[in-house]
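Okay, thanks everyone for coming.

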Amino acid sequence: MEEAVSESFAKSSINTIKEFSLLKAFAFTVFCIGLGSYALYGVSIYLGNNMDKTAFPLDVNNEFIPVFSNIWYIHIQALFISIVVITALVYKEKNNVKAFFFYNLFFTLFLLLFLIFVFKVSQLFVNEFWLRMLYTVLFICSIVYVFLRSYHNAKKMVYGTKKKRSAIVEWFSRNRKSVMSILFGVWGIYYLAKVIFPETGDFQTRLYGSLAEFAPLIMCLVFLTFLYLNSVIVRSYYLYRYSEEFRKKFRIAKKDWYGEKYKG
């Protein structure tokens with residue numbers, strides 16, 4: 001495990017909690033709970049009740065319409081995000097390493113439920129029954145593969161047989177904020193173009209109509225990101241469990257490692 005936890009990962013973990021301000025907590029909550037969970041739930045309910053009134057025809061007999069239609073599924077997602085925010089704010093500067101572990105654990109649980117729900121919504125756009133069943137089998141296989149692969153990767157990390165993270169993963173770990181900023185910038189430019197050039201709206205409708213049936217397949221591929229997320233949970237757990245040993249290894253002062261209010 002010592003080789004699997006790099007200095008850049010440790011410093012990035014600490015800085016994630018240090019930079020988690022009240023404003024960021026508010027924006028994080030609104031985006032994940034408001035836009036990510038409840039808004040998508042509203043879209044799914046609307047689609048389920050208006051399958052025959054959309055811009056392109058949808059299957060009114062789609063068996064995924066009632067799946068996860070109970071609002072409590074969304075409440076559980078909101079609960080996980082609430083725990084993420086509360087934990088980060090409570091332990092910030094008191095024990096940054098501990099906060100980062102719980103931050104990743106509950107955020108990953110939220111993403112698990114969220115992506116499963118997104119897969120359900122994406123299935124509403126698939127008209128053929130056989131294709132929906134094929135996507136369902138592929139999605140289940142993705143879940144099984146991710147958790148089996150994550151288990152084996154965790155064993156390799158724990159017993160010291162896993163190699164250090166690749167240079168690409170290390171680079172992404174250090175620069176993920178810049179990468180996300182670029183992606184949001186591209187997203188913003190795209191929607192700005194829609195405002196300036198209204199004809200792009202018609203193109204978007206046609207494009208969505210032709211690509212809609214591939215959406216569940218995309219979700220199967222997106223689910224593979226849990227290979228990375230589960231790896232982060234394992235690393236953050238051992239970083240927390242052996243926090244003092246790693247602190248000494250990387251020669252970081254206690255106030256920078258744990259926080260100004262640490263009393264351990």
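Let me start with a question: in helix 8, which residues are buried? Keep in mind that this is a predicted model. Helix 8 runs over residues 215–222, and the buried ones there are Pro216, Met219 and Cys220. If you look down the axis of helix 8, those buried residues fall within an arc of 105°, so they line one face of the helix. And what do they pack against? Helix 4, which is 96–123, and helix 5, which is 129–158.

First up, Asp59 and Arg132. Their side chains meet in a salt bridge, at 3.1 Å from N to O. This pair links distant parts of the chain: Asp59 sits in the loop between helix 2 (22–49) and helix 3 (72–91), while Arg132 is in helix 5, 73 residues apart. Both Asp59 and Arg132 are buried.

Now, Arg132 has another partner. Arg132 also forms a salt bridge with Glu63, and here the closest N and O atoms are 2.8 Å apart. Again, distant parts of the chain get linked, with Arg132 in helix 5 and Glu63 in the loop between helix 2 and helix 3, 69 residues apart. So why do we call Arg132 buried? Because its relative accessibility is 1%, and the cut-off for buried is under 20%. Glu63, on the other hand, has 28% relative accessibility, so Glu63 counts as partly exposed.

Next, a pair within one helix. In helix 10, residues 243–250, Arg247 and Glu244 are 3 residues apart, so about one helical turn separates them. Their side chains meet in a salt bridge, 2.5 Å from N to O. Arg247 is buried, with a relative accessible area of 12%, and Glu244 counts as partly exposed at 21%.

Last stop, over to Ser6. Where is Ser6? In the segment before helix 1, which covers 7–18. With 16% relative accessibility, Ser6 counts as buried. A polar atom of the Ser6 side chain lies 3.2 Å from the backbone nitrogen of Phe9.

That's my tour, so let's open it up for discussion.

Technical notes: Residues are numbered from 1 along each chain as its sequence is written. This is a predicted model: local features need pLDDT of at least 70, side-chain atom pairs count only at pLDDT 80 or more; totals for chains, interfaces and linings use all residues. Side-chain values use heavy atoms; hydrogens and water are left out. Buried means under 20% relative accessible area, exposed over 50%, partly exposed in between (1.4 Å probe, protein chains only). Helices (H or I, at least four residues) and strands (E, at least two) are DSSP runs, numbered from the N terminus. The arc is that of the directions from the helix axis to the C-beta atoms. Contact means heavy atoms within 4.5 Å. A polar contact is a pair of N or O atoms within 3.5 Å; within protein, one must be able to donate a hydrogen and the other to accept it, and residues adjacent in sequence count only if both atoms are side-chain atoms. A salt bridge is a side-chain nitrogen of Lys or Arg within 4 Å of a carboxyl oxygen of Asp or Glu.
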